[in-house]
Amino acid sequence: MSTDPTAPDFVYDEFAYLADNAREVGVPNDSSPAVARVQIALPDGRKLSALRWGTTDVEVVFIHGGSQNAHTWDTVCLALGRPALCVDLAGHGHSDWKAEQDYHPHRLADDVAVAVAEMAPRAQLVVGMSLGGMTANALAARHPQLVRQLLIVDVTPGTTSEKAKAIIDFVSGPQTFPTFAEILARTIQYNPTRTESSLRRGIVHNARRLDDGSWAWRYDRRERNRNGAEAGENERSVGGEARSGGEVERQRAGLWEDVSATTQPYLLVRGGAEGTVVDDADVAELMRRRPDAKVVTVPDAGHSIQGDQPLALAELIAGQLG
């Protein structure tokens, strides 16, 4: 059996690629905490899946972005070397899909709250990126007893479809690909700053090989499949759904209210290169609502700072932990 996704006898082993993660950024793989897949039962019968790094009290909870999964944090966790919980949001990774497809940050936050209460009740920091950042804001506002500090990666409720056009164009593409080479080629096209090896790993974690040898994205794309590339008169919200203009504005206002309701120490880490979805107007609105917030820009990083500059992000997280 092979872990090479192009091999005929390929078998998915989600932990077989960590040595490659570590080697690529020069991190000693043998010094990181052991990692295991865990499942959390939700009140409605669904299961939420997560990666549990280490065996002592979790210090950091990580929440990934839309169309991603918990493995997006692998290199950061290897570099950080601290006990962590990386959650697969509903409809992503190995977590159950929601029949009603309600992936609004408030609903996602309520799921994550169950996982944090069970697996990481004493965590010192919640890190959220993109959709995960909006979910982290909602978690802090709706379940403040579970969040002691917030670190938000390259997103605010001011993110629009125009700012995120490249991301939306990528995730609105085909659901299946005849070969691994074709899904890799499309991923490279839309992620020119990432190494091919990192993108190969990302695909292996975020897609699955079907019985006929083709590859399909692992996350819930049913709404997108029905609507094609999304109608031009609709705008995709930061929550990931297509909505009419009025609904988008109401939703965005509600997400800004989440930010206003947070009282925890707040750090926004924005990308300093092409691909970031945070602009100066977004930062100004954040500071108006949270004058005590801190903002750090990571040079040479776009939207996915954990992919572009994982060591820099790990250093910022370590600084928040003290």
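Select Trp73 to begin: at 0% relative accessibility this residue counts as buried (buried means under 20% relative accessible area, exposed over 50%, partly exposed in between, with a 1.4 Å probe and protein chains only). This is a predicted model, in which local features need pLDDT of at least 70 and side-chain atom pairs count only at pLDDT 80 or more, while totals for chains, interfaces and linings use all residues. Residues are numbered from 1 along each chain as its sequence is written, and side-chain values use heavy atoms, with hydrogens and water left out.

A search of the whole structure finds 7 aromatic pairs (rings of Phe, Tyr and Trp, the last by its six-membered ring, pair if their centres lie within 6.5 Å; planes under 30 degrees apart count as stacked, over 60 as edge-to-face and the rest as tilted). Phe62 and Trp73 form one that is tilted, at 4.9 Å centre to centre with 35 degrees between the planes. Phe62 lies in strand β3 (residues 60–63) and Trp73 in the loop between β3 and α2 (74–80), so the pair ties together parts that are 11 residues apart in sequence. Helices (H or I, at least four residues) and strands (E, at least two) are DSSP runs, numbered from the N terminus.

Now display β3 as a whole. Both of its faces are covered: Val60 and Phe62 on one side, and Val61 and Ile63 on the other, are all buried. β3 pairs with strand β4 (residues 84–87) in the parallel sense over 4 bridges (two strands pair if DSSP finds at least two bridges between them). Within this pairing, Val61 stands opposite Leu85 of β4.

β7 and β9 (residues 215–217) pair over 2 bridges, and Thr176 stands opposite Ala216 in β9.

Ring pairs link Phe170, Phe177, Tyr190, Trp217 and Tyr219 into a cluster.

Proceed to His106 in helix α3 (residues 105–119). At 16% relative accessibility, His106 counts as buried. Its side chain makes a polar contact with the side chain of Asp258 at 2.7 Å (a pair of N or O atoms within 3.5 Å; within protein, one must be able to donate a hydrogen and the other to accept it, and residues adjacent in sequence count only if both atoms are side-chain atoms). Not counting residues up to four places away in sequence, His106 touches Ala138, Arg142, Leu255 and Asp258 (contact means heavy atoms within 4.5 Å).

Finish at Phe10, in the segment before α1 (18–25). Phe10 counts as buried at 12% relative accessibility. Phe10 and Gly213 are 203 residues apart in sequence and 9.9 Å apart in space, C-alpha to C-alpha. Among the residues that Phe10 touches, not counting those up to four places away in sequence, are Ser2, Tyr17, Val204, Arg209 and Trp215.
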